[in-house]
Amino acid sequence: MLNAVYLYHCTQAGLDYAIVNTEKLERYASIPESEIKLANDLLFTTTDETLAEFTDFYRDKKKEKTEDDIPKTVPERLAYYVVEGTKEGLIPDLEAALEMYDTPLDVINGPLMEGMSEVGRLFNENQLIVAEVLQSAEVMKASVSFLEQFMEKKEDDSGKGKIVLATVKGDVHDIGKNLVEIILSNNGYRVIDIGIKVTPATLIDVIRKEKPDIIGLSGLLVKSAQQMVLTAQDFKEAGIDTPVMVGGAALTRRFTETKIASQYNGPVIYAKDAMQGLELANRLQGGEREALLNELVEKQEKRIESEAIRANRDTAVAVLPRPVKTVREDAPVFVPSDLRRRVLRDYSVSHLYPYVNMRTLIGHHLGLRGNFDKMLANGEERAVQLHEMVTSFLESDHLSASGLYQFFPAQADGDDVIIYDPADAKTEIERFTFPRQSKEPFLCLADFLKTVDSGEMDYVAFMQVTAGHGVREYANRLKAEGKFLESHAFQATALELAEGFAERIHQEIRDQWGFPDTTDFTMRDRFAAKYQGQRFSFGYPACPNLDDQAKLFGLLKPEDIGVQLTEEFMMEPEASVSAIVFSHPDARYFNVD
Ligand code: B1M
């Protein structure tokens, strides 16, 4: 419809030649006035609002399925069930398909796979969201489980290819890897998931035994990306050159091409998300292998060239003089009411419900686009369903929340923050060195404290929360039952519960510190960090050194609430957050380049 309106305006504006697939183009004259208005608003005033109004309207329209929409033949219907993510009518049609096709495998590789390919296409065109893709995978899994009873067990059947998948050494990140596993294994690949914190030595053993077509590496943090470099080196030394696919939140294509690929003998492929991972695996295992490998080599060569140009340019940049600080030095000191006590808190999850950022949970993690609050208020089906699902998790006893915090006397010494023993406020017990910005406003975290030279004592708090106990086990159980959407949504709920709990503990810290939020302060204000002071998590841009986690663990002992630190300074369980908290009114987030 949008295309039809767009073309109408183009022709009005003088367009006289275009190559257009008219198959699905609606006749402009047949489009209702109200829909033309929606399209015009979007085309001529493109804003988040007009886009949301447009997508909201058609998202609902799509749902209005009638009998006529259901395809008439069995193969078409099987593909339809997968695309629609519905199991209604699935089993009788699978039974019918068994009569029509030579083998059950032909049913899988035929209509069911066609459905999954369509799912991939629709996702890439932004017509399906993550949650819907997972529901399609559930239909695929249910179909394969049903058909399996009629199939001969073949030990070495790897479908479209065998993939050994792991989260790298020191990294407990499960959710991203699980998504990749679900998508690949329900698209015809045999995935051997060897879990989290996997060392190169273990990977090499498994690779030698399984001889996979692709090795998949996942990781959350920058350290995990660096660990991928070391893993690639070890693979090279072990004589392995199988294509490696990598992905993760802190990983970039640039890092993959310059740092990882250069350390490996085989191809290294970067995938920004699980669906792109599938697309690349399909190209690699299908007829486009050569083209993809050539593309990778070309891209890498271009990258190396542009990196060389960048390096030359960067060396020519003049170093600016170091100006004075921009943070008020006369800000009042807030003295915490109790310095000696380490506060341990077990919160009831229902109490934390308002602190869970539903926009992030349902928008970012489950992929629902548009204004979530508005969609929920309007009773839109998808928003309501997803909201009900995550709410049921927050009301269940599968999630728990434990946290702790403590105040410490502290002062700045140049770019260092000195932490003193709370017992005497004199003895230095820890020291953090934070980076300073190299351009305006030249901030450093140490600027948010009184200096040693001022003679005035200042304070910080350290905090640790977790909502991750038992999460992996329950998510795996749901996954094994083929409840992929629930499994992913459950893990995502735990992660956002941890973030919400951090918000709650931070609020309690402000209360104890003597500057509580005003009574009209809203949760939105809280999510936007509009309160006094700020919390900074190690690994975030203002304090990127993740090794500082070890110092925080020395001071707080989060082991007492069941949180452990891995050798790469990640917290186990995955749904955990740590932070240093400042009270300074000018404290704010910033990037250090
Ligand atoms: Co935090 N976090 N976090 N975090 N977090 C990042 C990753 C960070 C980049 C934010 C930032 O600085 N801007 C930063 C890392 C920087 C660094 O390493 N120095 C960071 C940090 C520092 C931390 C903590 C260390 C902070 C602290 O508490 N001190 C801490 C670590 C947790 C721990 O130790 N257990 C922490 C905690 C958390 C939460 C728990 C609150 C939460 C969940 C984390 C999680 O996902 N496990 C969280 C979140 C939400 C984020 C951001 C905002 C989003 C991550 C996300 O989307 N996860 C992230 C910043 C960002 O990316 N915008 C950030 C969902 C998951 C499904 O996505 O893992 O990316 P992801 O997987 C994707 C793709 O990457 C890809 O497919 C998946 C989706 O389809 N993919 C592959 C992944 N593996 C693949 C493999 C493939 C192919 C594709 O082939 C094999």
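Predicted model: local features only at pLDDT ≥ 70, side-chain atom pairs only at ≥ 80, totals over all residues.
## About the model

Local features need pLDDT of at least 70 and side-chain atom pairs count only at pLDDT 80 or more, while totals for chains, interfaces and linings use all residues. Residues are numbered from 1 along each chain as its sequence is written, and side-chain values use heavy atoms, leaving out hydrogens and water.

## Around the ligand

## Where the shell comes from

Helices (H or I, at least four residues) and strands (E, at least two) are DSSP runs, numbered from the N terminus.

A polar contact is a pair of N or O atoms within 3.5 Å. Within protein, one atom must be able to donate a hydrogen and the other to accept it, and residues adjacent in sequence count only if both atoms are side-chain atoms.

His-364 uses its side chain: one of its N or O atoms is 2.6 Å from an oxygen atom of the ligand. Phe-538 uses its backbone, with an N or O atom 3.0 Å from a ligand nitrogen. Gly-539 also has a backbone N or O atom 2.9 Å from a nitrogen of the ligand.

## Two helix pairs

Two packed helices are described by the angle between their axes and the distance between the axes. Axes are lines fitted to C-alpha atoms, for helices over the stretch in contact, and angles run from 0 to 180 degrees between N-to-C directions. Angles under 35 degrees count as roughly parallel, over 145 as roughly antiparallel, 65 to 115 as roughly perpendicular and the rest as oblique.

Helix H4 (residues 74-84) packs on helix H6 (residues 104-124) at about 40 degrees, with axes 8 Å apart. H4 and H6 are therefore oblique. Helix H5 (residues 90-100) and helix H7 (residues 130-148) pack at about 50 degrees, with axes 11 Å apart. That makes H5 oblique to H7.

Most residues other than glycine have a negative phi, and most peptide bonds are trans. The bond from Glu-440 to Pro-441 is cis, with omega near 5 degrees. Pro-441 sits in the loop between strand S9 (428-433) and strand S10 (458-466). The bond from Glu-572 to Pro-573 is cis too, with omega near 5 degrees. Pro-573 is in the loop between strand S13 (571-572) and S14.

Asn-126 has a positive phi, near 65 degrees. Its place is the loop between H6 and H7. Ala-425 has a positive phi of about 55 degrees. Ala-425 lies in the loop between strand S8 (416-420) and S9.
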